[in-house]
Amino acid sequence: MLQDTRAIRFYQRLTDALVELRQRGYSLDELRLYLDGYLAALRHGSELEPYLVHRLEEETVRFMYDPANLTGVS
């Protein structure tokens, strides 16, 4: 569970973007590429501590592969 307010804001932005991209018809593989790029930018920009980026990745991947979140979205 994320507790850092900045990490939570990034999580919300990421999950909103993933839902929007899925609605536009992007596949899970393409969403994973988007996530990887987003996380790389956070790492290189030093926006969050490395352990928070790792935790953010874990939580977002869990969100992505939970059938209730993205299935049923066209």
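This is a predicted model: local features need pLDDT of at least 70, side-chain atom pairs count only at pLDDT 80 or more; totals for chains, interfaces and linings use all residues.
**Helix α1 against helix α2**

I looked up how α1 (residues 5–23) and α2 (residues 28–45) are placed. Their axes come within 10 Å and cross at roughly 155 degrees. I therefore note α1 as roughly antiparallel to α2, the cut-off being over 145 degrees. The crossing of α1 past α2 is right-handed.

Next I listed the residues in contact. On the α1 side I found F10, R13, L14, A17, L18, L21 and R22; on the α2 side, L28, L31, Y34, L35, Y38 and L42. By class, the residues of this contact are eleven nonpolar and two charged, with no polar ones.

**Aromatic pairs**

I then turned to the rings and found three aromatic pairs in the structure.

I checked accessibility for both: Y11 has 22% and counts as partly exposed, while F63 has 14% and counts as buried.

For Y34 and Y38 I noted ring centres 6.3 Å apart and planes at 35 degrees, so this pair is tilted. Both residues lie in α2, four residues apart, about one turn of the helix. Y34 counts as partly exposed at 33% relative accessibility.

Last, I looked at how the rings connect. Ring pairs join F10, Y34 and Y38 into a cluster. I had already listed F10 in α1 and both tyrosines in α2 among the contact residues.

Technical notes:
Residues are numbered from 1 along each chain as its sequence is written. Side-chain values use heavy atoms; hydrogens and water are left out. Axes are lines fitted to C-alpha atoms, for helices over the stretch in contact, and angles run from 0 to 180 degrees between N-to-C directions. Helices (H or I, at least four residues) and strands (E, at least two) are DSSP runs, numbered from the N terminus. Angles under 35 degrees count as roughly parallel, over 145 as roughly antiparallel, 65 to 115 as roughly perpendicular and the rest as oblique. A crossing is left-handed if the near helix is turned anticlockwise from the far one by less than a right angle, and right-handed if clockwise. Contact means heavy atoms within 4.5 Å. Ala, Val, Leu, Ile, Met, Phe, Trp, Tyr, Cys and Pro count as nonpolar, Asp, Glu, Lys and Arg as charged, and the others, Gly among them, as polar. Rings of Phe, Tyr and Trp (its six-membered ring) pair if their centres lie within 6.5 Å; planes under 30 degrees apart count as stacked, over 60 as edge-to-face and the rest as tilted. Buried means under 20% relative accessible area, exposed over 50%, partly exposed in between (1.4 Å probe, protein chains only).
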